[in-house]
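Please examine the architecture of the protein shown below. The paragraphs that follow proceed from its strands to individual residues and then to the chain as a whole.

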Amino acid sequence: MTESFHRSGEYENPYEGQQQAPVNPEWPPPPAYAPAPAPKKRNRGPVALLAAVAIVAAAIGGGTAYGIQELTGNDTVTSSSTSTNVVPSAQKGTVAGVAKAVSPSIVEISAASNAGSATGSGVIITSGGEIITNNHVVSGASQIKVTTSDGKSYSAKVVGTDSKKDLALIKLENASGMKAATLGDSSGLQVGDQVVAIGSPEGLSGTVTSGIISALDRDVTVPTEEDQGQQQFQQGDGWPFEFGGRQFNGDTGSDTTTYKALQTDASLNPGNSGGALIDMNGNIIGINSAMYSPTGAASSSSDAGSVGLGFAIPINTVKADLAKLRAGSTD
């Protein structure tokens, strides 16, 4: 720079006292050489557009690949590492909004075996009809019937089981275009968070209850024997479990497993097992698996039912187990 300014801010003209050349309105003057042509912009074709869409979808989906893969097949789980808002904005944070958004993804399961029959619930996780439920709902079943929220019935087959986590994956036969739920993230849950439970207690399909997360990381012990769960459900006492060295809802037997559970005061009853525990954005954050009922020899029939002590398997446990279940595990 050759220009300078006086401290007063006035411009110092180095040509003062000399004859001035005419002022050129195009200042600074054009260069003596022709500037190089600007590089041509690349056309944004379909590949570039697809990449941009993929980046946006990954950001919305919490950085997972599930959102992209859902476009290419009907056996891909819609999942999120953050809380995706599934509920319409006009009903966000309401039980009614959660129920409307998620109920089409919850089914009633009827399992028949030599030991009797069991009624439970399940969560549709793919549009092709994959369903997550509890192992004790379908354990030892020779025939499985699934009823969706719109009343349609399907036969189903067990794909894989994990008795140590009380989880099972079943798949509907000849089903497509199912409403898949979004699996959320249970790692960020806090005591006091509001939740909604949807299932089929006592065969009352599509029942909705609500409450809060009462506690985290409860060590709940449940039986893994095939006949145990079937018999307990037939009696209507609720799935037997053990906590703190005490047994509830009957004898858990000698073959048991323990897992970390979410505790909720949302009302759960026999038949809710395998159903959904949902956050207020409509994400599945747990699979309901056990409840305490005072029904027993020392209790009257009027004492039967939920007393606000329910337990659910965290959804992160389910997601971590999904590949094993799909591979046909029979643990």
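In this predicted model, six strands form a closed barrel in the order β2-β3-β4-β7-β6-β5, with antiparallel pairing; two strands are taken to pair if DSSP finds at least two bridges between them. Neighbouring strands of this sheet are turned against each other by 40 degrees on average, direction ignored. Strands here are DSSP runs of E with at least two residues, helices are runs of H or I with at least four residues, and both are numbered from the N terminus.

Ser110 stands opposite Thr119 in β3.

Helix α6 (residues 315-326) lies across β4 (130-133), β6 (153-162) and β7 (167-172), and runs at about 60 degrees to β7. Such angles run from 0 to 180 degrees between N-to-C directions, and the axes are lines fitted to C-alpha atoms, for helices over the stretch in contact. Contact means heavy atoms within 4.5 Å.

Strand β6 contains Thr161. Thr161 counts as buried because its relative accessibility is 13%, the limits being under 20% relative accessible area for buried, over 50% for exposed and partly exposed in between, with a 1.4 Å probe and protein chains only. Not counting residues up to four places away in sequence, Thr161 touches Asn135, Leu167, Ala168, Leu325, Ser329, Thr330 and Asp331.

Asn288 belongs to strand β15 (residues 284-291). With a relative accessibility of 1%, Asn288 also counts as buried. Leaving aside neighbours within four places in sequence, the contacts of Asn288 include Asn134, Ala197, Leu268, Gly274, Phe311 and Ala312. Asn288 and Ile198 are 90 residues apart in sequence, and their C-alpha atoms are 9.1 Å apart in space.

For the protein as a whole, there are six helices and 16 strands, and 43% of the 331 residues count as buried. Among contacts with a separation of 6 or more, 66% are between residues 24 or more positions apart. The accessible surface comes to about 17,400 Å², of which 51% belongs to carbon and sulfur atoms; these areas come from the Shrake-Rupley method with a 1.4 Å probe, and for residues only the protein chains shown count as cover.

Residues are numbered from 1 along each chain as its sequence is written, and side-chain values use heavy atoms, with hydrogens and water left out. Because the model is predicted, local features need pLDDT of at least 70 and side-chain atom pairs count only at pLDDT 80 or more, whereas totals for chains, interfaces and linings use all residues.
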